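This report describes selected features of one structure. The sequence and coordinates are shown below, followed by the description.

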Amino acid sequence: MTAIEPPMALLAELTHRCPLQCPYCSNPLHLERPAGELNTAEWLRVIRQAAEIGCMQVHFSGGEPLVRPDVEKLVAGAVEAGLYTNLITSAVTLDRERLQSLVDAGLEHVQVSFQDSTPPGGDRIAGYRNAHAKKISAAQRVREAGLPLTANFVVHRQNLHHLEDMLELAVSIGARRAEIANVQYYGWALRNRAALMPSRAQIDEMSGTVAAAREKYQGVLVIDYVVPDYYAQYPKPCMGGWGRRFINVSPSGKVLPCHAAETIAGLFFDSVRDRSLEDIWSSSDAFNRFRGTAWMPEPCKSCARREIDWGGCRCQAFAVTGDAASTDPACSLSAAHENLVAAATQEAGAFLDDFVYRRFRSSGR
Ligand code: SF4
Ligand code: FES
């Protein structure tokens with residue numbers, strides 16, 4: 001077996017608690033309770049260990065990381081360990097005082113998620129009153145504080161018609177980067193797939209909109225965008241390949257190759273409470289199960305792209321086929337691909353717009 005490269009980044013999921021309830025939430029269906037979360041000292045140990053094994057960055061996320069009062073201490077610990085710090089936040093509670101204390105702790109970058117380009121759409125999708133206006137104010141404060149800002153937009157059938165406006169919004173709040181992220185269908189998003197799945201026409205239009213915006217905002221805004229899985233010819237290299245670039249620690253300390261890995265039945269995930277991060281990264285069963293190419297079945301096994309996309313997404317393979325070791329059905333070479341696209345096209349055409357939220361149900365547009 002070839003030597004195991006160190007991870008590039010630690011994704012620290014501080015909590016599953018969140019004031020929002022996005023219908024495409026990637027958190028597990030059963031959320032970790034606050035009493036089970038790692039405490040400050042445990043997180044500081046994880047951060048130090050991440051730096052020791054070669055991580056360069058730490059991304060503090062959740063749920064909503066700002067629900068925890070100790071984020072500043074964790075940022076300071078990460079800075080001390082030499083890690084670049086990024087806060088991934090819904091920003092609805094990021095007031096001036098909190099932002100200043102994070103800046104004082106050494107925070108270097110903020111990513112704010114937006115659900116749409118307008119208040120009615122943004123508030124409805126987030127399931128939170130005034131969410132959109134709060135996010136815009138917080139994003140402006142981030143820029144005033146001199147921190148670089150990324151605007152993240154998760155797109156789907158019910159907001160894609162606002163894509164141009166979303167990118168304009170990103171520019172207007174001073175973001176230097178916009179991430180256009182298509183919904184990934186596992187966890188809660190799978191439950192809402194019929195209400196979220198875009199049509200082929202929307203996807204075609206989307207690619208054109210992104211190309212035009214890239215030209216229009218050249219030198220002003222960098223736009224990250226990949227064609228959504230179900231409509232692409234080949235899958236994306238999810239997480240840059242299983243156990244290759246990212247190490248994800250869940251609120252209770254489970255170490256995961258990706259944020260959704262717990263949706264895969266039959267895998268055991270070690271905890272930072274029992275083993276060191278280095279030990280888990282290099283020799284745990286879960287990380288080694290789908291690392292590299294030795295685990296691959298055909299057609300991946302003999303495919304020229306096997307070290308480009310690393311077989312796609314294990315969580316999606318499990319969600320759709322029930323077998324995490326199968327070729328990602330988003331790949332046009334997978335035996336399950338045609339059925340998947342047929343089902344997706346049918347769902348996209350059904351125009352079922354109601355979302356199922358974790359705490360209540362909403363009506364459509
Ligand atoms: Fe990627 Fe496997 Fe599809 Fe080849 S067959 S493109 S390796 S998912
Ligand atoms: Fe888990 Fe893609 S989200 S491997």
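## Pairing of β1 with β8

How many bridges join β1 to strand β8 (residues 246-249)? The two are joined by four bridges and run parallel. Within this pairing, A9 has F246 in β8 as its bridge partner. Helices (H or I, at least four residues) and strands (E, at least two) are DSSP runs, numbered from the N terminus.

## Basis of the model

This is a predicted model, in which local features need pLDDT of at least 70 and side-chain atom pairs count only at pLDDT 80 or more, while totals for chains, interfaces and linings use all residues. Residues are numbered from 1 along each chain as its sequence is written, and chains are lettered from A and ligands numbered from 1 in the order in which they are written.

## The sheet

Nine strands form an open sheet with mixed pairing, in the order β7-β6-β5-β4-β3-β2-β1-β8-β9. The edges are β7 (222-225) and β9 (255-256), each with a single partner strand, so one side of each is left without a neighbour in the sheet. Two strands are taken to pair if DSSP finds at least two bridges between them.

Strand β1 (residues 9-13) has four of its five residues buried, so it is largely enclosed by the rest of the structure. A residue is buried if 20 or more other C-beta atoms lie within 10 Å of its own, exposed if 12 or fewer, and partly exposed in between, with C-beta atoms placed from the backbone. β1 also pairs in the parallel sense with β2 (residues 57-61), over five bridges, and E13 stands opposite S61 in β2. In turn, β2 runs parallel to β3 and is joined to it by four bridges, with V58 opposite T85. Strand β3 (residues 84-89) is mostly covered, five of its six residues being buried.

## Helix α5

Helix α5 (residues 131-144) has 14 residues and reaches 20 Å from its first C-alpha to its last, close to the 20 Å expected at 1.5 Å a residue (1.5 Å times one less than the number of residues). Its buried residues are A131, H132, K134, K135, A138, A139 and V142. Seen down the helix axis, these fall within an arc of 155 degrees, so they line one face of α5; the arc is that of the directions from the axis to the C-beta atoms.

Just after α5, G146 takes a positive phi of about 85 degrees.

## Surroundings of ligand 1

Ligand 1 is surrounded by 14 residues, of which the closest are C300, C303, R305, C331 and L333 (C-beta atom, placed from the backbone, within 6 Å of the molecule).
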